[in-house]
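You asked for a colleague's note on this entry. Please read the points below with the coordinates open.

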Amino acid sequence: MSEMLFTAAIARTIAEEMRRDPSVFVMGEDVGVIGGIYGASKGLLEEFGRERIRQTPISEAGFVGAGLGAACTGMRPIVELMYMDFTFVAMDQILNQVAKTRYVFGGKAKIPLVIRGQQGVGGGNAATHSQSVESLFLNIPGLKIAVPSTAADAVGLLRTAIRDDNPVLFFEHKKLYKGGKWEVPDDPEYMIPFGKADIKRQGTDVTVVATQFYVGEALKAAEELAKEGISVEVVDPRTLYPLDIDTICESVKKTGHLVTVHEACAVGGWGSEIESQVMDRVFRYMDAAPIRVGAKQCPLPFNPNLEKAVVPQIPDIVAACKRVLSK
Amino acid sequence: MITKERALWIYEKMLEIRQFEETAWDLFCANKIHGSVHLYLGEEAVAASVCSFMTDEDYITSTHRGHGHCVAKGGDLGKTLAEMMGRDTGYCRGRSGSMHIADFSKGNLGANAIVGGGIPIATGAALSQKMQGKKDNFTVAFFGDGACSQGVTHESMNLAALWKLPIIFCIENNGYAISLPLEDNIPTDNITDRAAGYGMPSFSVDGNDVEAICEAMEQAVAHVTSGQGPVMLECKTGRWMGHWTGDPELYRTRQEVEELKAREPIQRFRARMLETGIADEETICAIEAKVTKAMADALDFAMNSPEPDPAHVTDDVFYEG
């Protein structure tokens, strides 16, 4: 184990995979001299040079599409988006091209493409640089979606993503970048399979399913609730597609109560999808209707207090757990 | 004049495309092809001439009007037609239809129903060729005058020029972006004026003239495979049919279409081959008979191919290997 920043763990994993496989390369904005705007590609240019660390012009649709073209012709590109909000600039390439190429061509193409970057609030960047956009992609078949909550999980999931022969959208969270140093396994073969949830805290009264920054917030809420004698189980799915619905259902069968928590808007968010799948499977074990905790249906404002008012806070998670138990 | 071998190959491919498209039209009218079909009739010289310079190791991306590119890149007539009829034996097992046919084994990275959608993909394929050190290989992105107004077209040309990628941006200028005439789509007289902005050499040729396209391609291929970066090649041509099979064509006159047909590429090239002595009547007739037989076999194959089994409809969304 080593201690390092979340971004350093990402950069180290990319470097390890680039040493292992010459077809892996990085493309994106500002990934060169400054190592990405948040430093998640730091040091890569020095080791691998401009041929494999390709700093692009500001052309998201162009270089995401080029990533697809390179991926289906024998390379394994890692495309960095400066903000995952910028997927919107490249939406045709991601939704119509990357996601569908294998299927529409009758299963002939392999698309080993990773599109990664950070998202979420915490940068003071307002509406177009602070969103959590992972839920949107769940509605499009053909994309795998990873949402790590710790640096160790990010390392294991990123390695799996790079070695996967399918397109992966890899969502990091900028608040985790700022979360100090993390324990990270040093094994260059450390991998976490997709579709395997992790129970981050065992409990018996209520199941909280959370991802990314909100796993930490759910754990803090669980601490508070423990003081009141409420035992919370925190389940981190780690990937939204494929989804480990079995582990979530097993937890709900035990607790009888479900709360989902994410920073993305509650309306149309993945929390609703998980709740629907859980009710479909284990409704008879549930003592109350599930509750989803997510952002208000409002663009993210600039002012820190306004921003805080839009996205879920620890008291919101605590209140949701109490409410689901009192139903 | 181009070599005899190339001339005969191009003639055969143009005829294959012509007969394929006529067959597709007949099948559509007979309700044997559903959806919509975008015919390449009249533009045959472009795909055939350009692809005559390519091997299976060279890549193309194509457009919604893609059957011609697929056939010219070595695509099997029967599998292509079967795909358009939604059959299990089609190139994409009936999932793609007319607008998304691909044949990776021949370097055809796919037709693309989003106008301009294939251009960055072609750029990435050329990036692979460069990074993999395949110095003799290159990629052609086929697209039309309509795609010239898409943002990704600019982004791709800019990237390719910056990184000196081995790619030819082949613009099939048929004068209309669906119903939008060229003068309402492109604000200058020549699309190739844009090449200067990327420091890219360009050629603008009569897209119905096989020899003119080949002459430009010779120079274009030499340029892109020598590590000097991309080339823009505009082929001015015209489609005989509507944009799609249901197009009422209210935007042009019958006279205009008749004038276009007078510039027909295949008979023109046939006469030219006879005139220059590159081929005699007997050789040409033998090719015509061969293509007619191949098309009849392809039709037979497609018509007798099974429907795909809905039990497998969700196969291949992901690679599971």
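1. The model is predicted. Chain A contains 13 helices and 14 strands. Along the principal axes, the C-alpha atoms of chain A fill a box of roughly 60 × 45 × 40 Å. A compact globule with 327 residues would have a radius of gyration near 20 Å, and the 19 Å of chain A agrees with that.

2. The sheet in chain A. Seven strands of chain A form an open sheet with mixed pairing, and their order is β3-β2-β4-β5-β7-β6-β12. The edges are taken by β3 (53-55) and β12 (239-241) of chain A; each has a single partner strand, so one side of each is left without a neighbour in the sheet. From one strand to the next, the twist averages 20 degrees.

3. In chain A, β4 (residues 76-80) pairs with β5 (residues 114-119) over three bridges, in the parallel sense. As a point to check on screen, A:I78 stands opposite A:V114 in β5(A).

4. A helix pair in chain B. How do the axes of α1 (residues 4-29) and α9 (residues 265-276) of chain B cross? They come within 10 Å and cross at roughly 155 degrees. Angles over 145 degrees count as roughly antiparallel, so α1(B) is roughly antiparallel to α9(B). The crossing in which α1(B) passes α9(B) is left-handed.

5. Residues between these two helices. On the α1(B) side, the contact is made by B:A7, B:Y11, B:M14, B:L15 and B:R18; on the α9(B) side they meet B:P265, B:I266, B:F269, B:R270 and B:M273. Sorted by class, the contact of α1(B) with α9(B) has eight nonpolar residues, two charged residues and no polar ones.

6. The contact between the chains. Chain B gives 36 residues to the contact and chain A gives 35 residues. On the side of chain B that touches chain A, α5 (118-131) and α6 (151-162) of chain B each supply at least two residues. Of that side, the largest share comes from α5(B), with nine residues.

7. Composition of the chain B side. Which classes of residue make up the side of chain B that touches chain A? By class, this side of chain B has 19 nonpolar, 12 polar and five charged residues. The size of an interface is often given as the accessible area lost when the parts come together; the description here rests on residue counts, 36 from chain B and 35 from chain A.

Definitions and conventions: Residues are numbered from 1 along each chain as its sequence is written. Chains are lettered from A and ligands numbered from 1 in the order in which they are written. This is a predicted model: local features need pLDDT of at least 70, side-chain atom pairs count only at pLDDT 80 or more; totals for chains, interfaces and linings use all residues. Two strands pair if DSSP finds at least two bridges between them. Helices (H or I, at least four residues) and strands (E, at least two) are DSSP runs, numbered from the N terminus. Axes are lines fitted to C-alpha atoms, for helices over the stretch in contact, and angles run from 0 to 180 degrees between N-to-C directions. Angles under 35 degrees count as roughly parallel, over 145 as roughly antiparallel, 65 to 115 as roughly perpendicular and the rest as oblique. A crossing is left-handed if the near helix is turned anticlockwise from the far one by less than a right angle, and right-handed if clockwise. Two residues are in contact if their C-beta atoms, placed from the backbone, lie within 7 Å. Ala, Val, Leu, Ile, Met, Phe, Trp, Tyr, Cys and Pro count as nonpolar, Asp, Glu, Lys and Arg as charged, and the others, Gly among them, as polar. The radius of gyration is taken over C-alpha atoms; the globule rule is 2.2 Å times the number of residues to the power 0.38.
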